[in-house]
Amino acid sequence: MIFEFLSAVTVGVSATTLLMATLTLVTLVSLALGRYRQRQGSCLALDNVMNAAKKTVAAQGPVVVISSSSSSSSSSSSSSSAKRSSGDVDDVSKGAPPGPWAWPVIGSLHLLARYEVPFEAFSSLSKLYGDLFSITLGSTPCVVVNSLPLIKEVLIAKGPHFGGRPNFIRYDILFGGDRDNSLALCDWSDLQKARRSLARQYCHPRMSSLQFETLSSVLTSESGHMVDELQRAASTSGSRLGVDLKPILLSMCANVFTHYMCSSRFAYSDAGFQKTVRLFDQIFWDINQGYAVDFLPWLLPVYRRHMQQLISWGTDIRSFILTHIIEQHRHTLDRNNPRDFTDALLSHVDASAPDADRSATRHELDWNHVLYELEDFLGGHSAIGNLLMRAVGELCTNQNVMRNIQEEILRVTGGHRPVVLEDRPHMPYTEAAILETLRLSSSPIVPHVAMQDTSVAGYDIKEGTMVFLNNYELNISPDYWERPLSFDPSRFIRNGKIVKPEYFIPFSTGKRACMGYRLVQHVSFVALATLLQNFDVTSLNADAIFLPKACVAVPPDAFPVVLTPRSSSH
Ligand code: HEM
């Protein structure tokens, strides 16, 4: 994404105006060329223009900061007075939150240019404008919320006001032309409430419930299959070239999900399954990117091919799920005895209604809802597979952490048996390594949107305003963590127990919080522990390990890993 501190405009300075015009042109060209999330160093030309502009502006003395969403203005020297760290809910309106000036057409998108990721930019801008500031991206009014108290005000105290999601064209395209088909990307509604409550018992299996027992036995069986596959891969070219680990981890997670939610599993050699796993991963990577077209929809023609590709990926995935899972379940469905999540979903389809009849007014599901909900949940496996890849990437460069996990595994299993889900409460260090991976990956909270006129910290927020919750700041700032960039699981352990600080919210909070967090904890624990019980993981080339900032996804074609079988693994 694009960002910089060109948040100010000096009035009547022609050199600056000219520079800004050049900058706008360069920005537009750059945006039109495609994605604006880029690897470091890939937008150097734009950066140089930005730096030149910044120096010129700085040389011209005090600057005037004009709020993008109100006519009020204030000097940057006084902008720190707007910085608030409390979550006080004031009754007296303070007007719109302060923020940088917005250009016609692009708004303040150009300010994102110097940074690798937008959240880094948001953190920098918050030093200037405070914990709540407004920014216009394209023509979309947005606010950025940077402190825990204000994040809680948005997500908890005023959760119902902020239950919407952005109206990006990409989101509609990914979900059959209507983002309301998606659990994560729809606006809050009664239908969404119904979908969430239906999924709850399968997503949050309680200890010693039937679901927990099922998940545990599925994990044991699927981690056995994964080890077989890893041994095969390691024995062929593993030590010389490294193993392409990502497809194997993704396939393991996908099989856990289909096995647990649909009572179906697929051979690793099944081409249709492998293709579907890969498509899910490509979509997961894509959805984690920011694109100029999200905020500049008139750029759509430039993205036509990309959008066509998204449509075809989604269609192929749905066709696989329909043919290999839903059709079989439909024919053998016993509404009174659901076998799994798929049956539970199908049982809620209004039995008397024809397929095409949408029954949303009674908050019942139609066949389409079932298909999309299942797709959404099955797609959750990609998030876990990517998280595991990130954990492996961290371990390749932090071998002491890998050894500590292996010692913990040996202590708990006695070297006599595989790790099982029930070991999790006794293996805090392994769990902490996963938490540390989550912290450093800092997966962004999906933006929320105000569904009515409201306020935060006494500032007015208009209906339709997009809200970025900056959990990157909470995860990476030295204000919250010692040596924040080190991979150190022990920061989550006190007296042998896991301790999570209140400001650590990788799965967000409030009514739209992540539904899959328990599955993430359970599946990633067993998968990572099984991998390390059986293999040492190392890298042939640490420079090839690319773990993007503020993003749980790693590219679909990730880095190779050397797997060395451990002689006394159990
Ligand atoms: C590394 C793994 C994951 C991370 C870090 C993660 C994080 C998040 C976050 C931050 C949100 C947004 C919450 C908000 O807007 O306030 C979210 C939403 C959601 N997540 Fe996850 N998630 C992960 C995996 C999963 C999995 C495996 C599933 C499903 C099995 C899942 C299902 C969902 C759903 C359905 C929502 C949307 C909830 C709603 O909008 O009502 N997630 N997740």
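Analyst: Happy to! Helix α14 has 31 residues and spans 47 Å from its first C-alpha to its last, close to the 45 Å expected at 1.5 Å a residue; that expectation is 1.5 Å times one less than the number of residues. Helices here are DSSP runs of H or I with at least four residues, numbered from the N terminus. Please keep in mind that this is a predicted model, in which local features need pLDDT of at least 70, side-chain atom pairs count only at pLDDT 80 or more, and totals for chains, interfaces and linings use all residues. Residues are numbered from 1 along each chain as its sequence is written.

Because 28 of its 31 residues are buried, α14 is largely enclosed by the rest of the structure. Buried means that 20 or more other C-beta atoms, placed from the backbone, lie within 10 Å of a residue's own.

M389 lies in α14 and counts as buried, with 24 C-beta neighbours inside 10 Å. Leaving aside neighbours within four places in sequence, M389 is in contact with L245, K246, L249, V554 and A558; contact means C-beta atoms, placed from the backbone, within 7 Å. The C-alpha atoms of M389 and A553 are 8.8 Å apart, although 164 residues separate the two along the chain.

The ligand is surrounded by 26 residues, and the closest are A184, G380, S508, C514 and G516; to be included, a residue needs its C-beta atom, placed from the backbone, within 6 Å.

Note on methods. Helix = DSSP H or I, 4+ residues; strand = E, 2+ residues; numbered from the N terminus. Buried ≥ 20, exposed ≤ 12 C-beta atoms within 10 Å, placed from the backbone. Contact = placed C-beta atoms within 7 Å.
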